[in-house]
Structure formats: structure tokens, C-alpha cells
Amino acid sequence: MTVSEPEAPGSGGGRLVLVVDDEPQVLRFLRASLGAHGYRLVEATTGEQALVEAATRAPDLVLLDLGLPDLDGVEVARRLRGWSAVPIVVLSARGQENDKILALDAGADDYLTKPFGTGELLARMRVALRHADRVAAGLGDSAVETGDLRVDLAARRVLVRGEEVRLTRTEFNLLAALAKHAGKVVTHRLLLQEVWGPGSTGQSHYLRVYMGQLRHKIEEDAARPRYLLTETGVGYRLAVD
């Protein structure tokens, strides 16, 4: 295990990131890139080591590779979720939709396929950290705002550019499920389970129909959505600024 201090002040604000990867070149890249933006790093090269470091170091965020030499990264995410709410962003060369779904259903907050750019990684990390901060501050059940969209979860009201949008009960429940995880990918299975119940996890056509209705009511251009984004084959994401 190694700990690297930030090389220069930046947007990381001294946040501690646990990097779980057994590729030396990836570790060097992340050490330099994240350190330059103010993050502190703890590194683990196996799944078992990652679980120990997560328990003892209490990181603010975990960057997790799936192809580890001992445990599969999906299993690491599942075990972490058994006792921790730490944000988990998967970084993996596995780009198949099923791999993404398995990782997200196991509790990962987001998924980036290698190779990826530093800018995109930092943006995904910021979103995951902001979501965790809101939950920790007890704001998870209040209102979510992004751009001109405001979703008031407590009052069950939706405003676009200050004007109230009338939604059906199911439309609101679907939007609320995404708003509670704003910025995160939510899989088809989890959305179906939360909105329609556990017996509906195979009815993905429900999602397509209601997502289309939501976009027509909320988006300025339903064909080119700004807020309700599709993660092809995986699920949907409520984009945040």
C-alpha cells in the first residue's frame, strides 16, 4: 500500500481516494493526474487489500478496476456495499453492457471504460462526491436542481424554467428515482424495481414508454435530451451541472 500526497492544490480539496488496480501504468497515471488536482491517494492492487484499506482508511471515494488478481471487482463492490456507502467509480477495460450492469447493480455509482480522459474521470468523481455529500448532509430527500430543472421530492413538484410541469404519478416516481441518484447511472432493473415493484424487472418497455413521455414534458428537445440521458443497454442518468 502506498499513499501519495497532492502535488499541487486543486479541486480535490484533499479528498482521499482509494485506487484499486493492479496495472502499474494505470496507477502512475492516476497518481499524477489526481495528485495534481488536490486528491490524496491510497493504492491497493488486490481485492482483499482494497477491502482492508477501505475499512481502515475510510476513503471519500473508490476507483475500482474489475480485473483484479484475486477477487472480481464486482464482488469487491458488493462486499463494500454490505457496510459502506462510499462512492464507487469503476474503471475497467471491460466494455460490455452486461459487465456495466453487474457492477452497477452490485453498488457501483458510475462506470468508465478504459481508456478514458482525465477530464471525464474528474467530472464523474465530482458528481459521485457531490451526491455522497448531499446524502451525508441529510439532503437526499429534499429538492434536486440541475440547470433549469427542479425536482422537489418532498412536495412532489417539478419545475422547468420556473414553470410547474404536471406529471402523472408514475412519471413523477420515475423522475424521482433518477433524482435521488442524480448524476449516477441507474440500471433498468433497479428503476423497474423501484417504480413498478420487484415483479416488473423484466418489463423494460415500461421504461421506454414513460421515459419518452417525461422527455416530451421536461426537455426542450425530446430527441436531444439535456437532462434525461440514456446509457445504452444499461439504464438512465439524470445529468447534473
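This is a conversation about how some features of a predicted model get their labels.

Biologist: What makes strand 2 largely enclosed by the rest of the structure?

Modeller: Five of the five residues of strand 2, residues 16-20, are buried, so the strand is largely enclosed. Both faces are covered. L16, L18 and V20 are buried on one side, and V17 and V19 on the other.

Biologist: Why do the residues of a strand fall on two sides?

Modeller: In a regular strand, side chains alternate between the two faces of the sheet.

Biologist: How do you know that strand 2 pairs with strand 3?

Modeller: Pairing takes at least two bridges. Strand 2 and strand 3, residues 40-44, are joined by five, and they run parallel. V19 stands opposite E43 in strand 3.

Biologist: What makes strand 2 and strand 4 a pair?

Modeller: Four bridges link strand 2 to strand 4, residues 61-64, in the parallel sense. The cut-off is at least two. L18 has V62 as its bridge partner in strand 4.

Biologist: Why is A108 called buried?

Modeller: Its relative accessible area is 5%. Buried means under 20%. Therefore A108 counts as buried. A108 sits in the loop between helix 4 and strand 6.

Biologist: What does A108 touch, leaving out residues up to four places away in sequence?

Modeller: A108 touches I88, V90 and A103. V90 is 18 residues from A108 in sequence, yet their C-alpha atoms are 6.7 Å apart.

Biologist: Why are helix 7 and helix 8 called roughly perpendicular?

Modeller: Their axes cross at roughly 80°. The range for roughly perpendicular is 65 to 115 degrees. Helix 7 and helix 8 therefore get that label. The axes come within 9 Å.

Biologist: Which residues make that contact?

Modeller: Helix 7 supplies H188, L191, L192 and W196, and helix 8 supplies S204, Y206, L207 and Y210. Six of the contact residues are nonpolar, two are polar and none is charged.

Conventions: Residues numbered from 1 in each chain as written. Predicted model: local features only at pLDDT ≥ 70, side-chain atom pairs only at ≥ 80, totals over all residues. Heavy atoms only, no water. Buried < 20%, exposed > 50% of the residue type's maximum accessible area, 1.4 Å probe, protein only. Helix = DSSP H or I, 4+ residues; strand = E, 2+ residues; numbered from the N terminus. Axes fitted to C-alpha atoms, helices over the stretch in contact; angles between N-to-C directions. Parallel < 35°, antiparallel > 145°, perpendicular 65-115°, else oblique. Contact = heavy atoms within 4.5 Å. Nonpolar A, V, L, I, M, F, W, Y, C, P; charged D, E, K, R; others polar.
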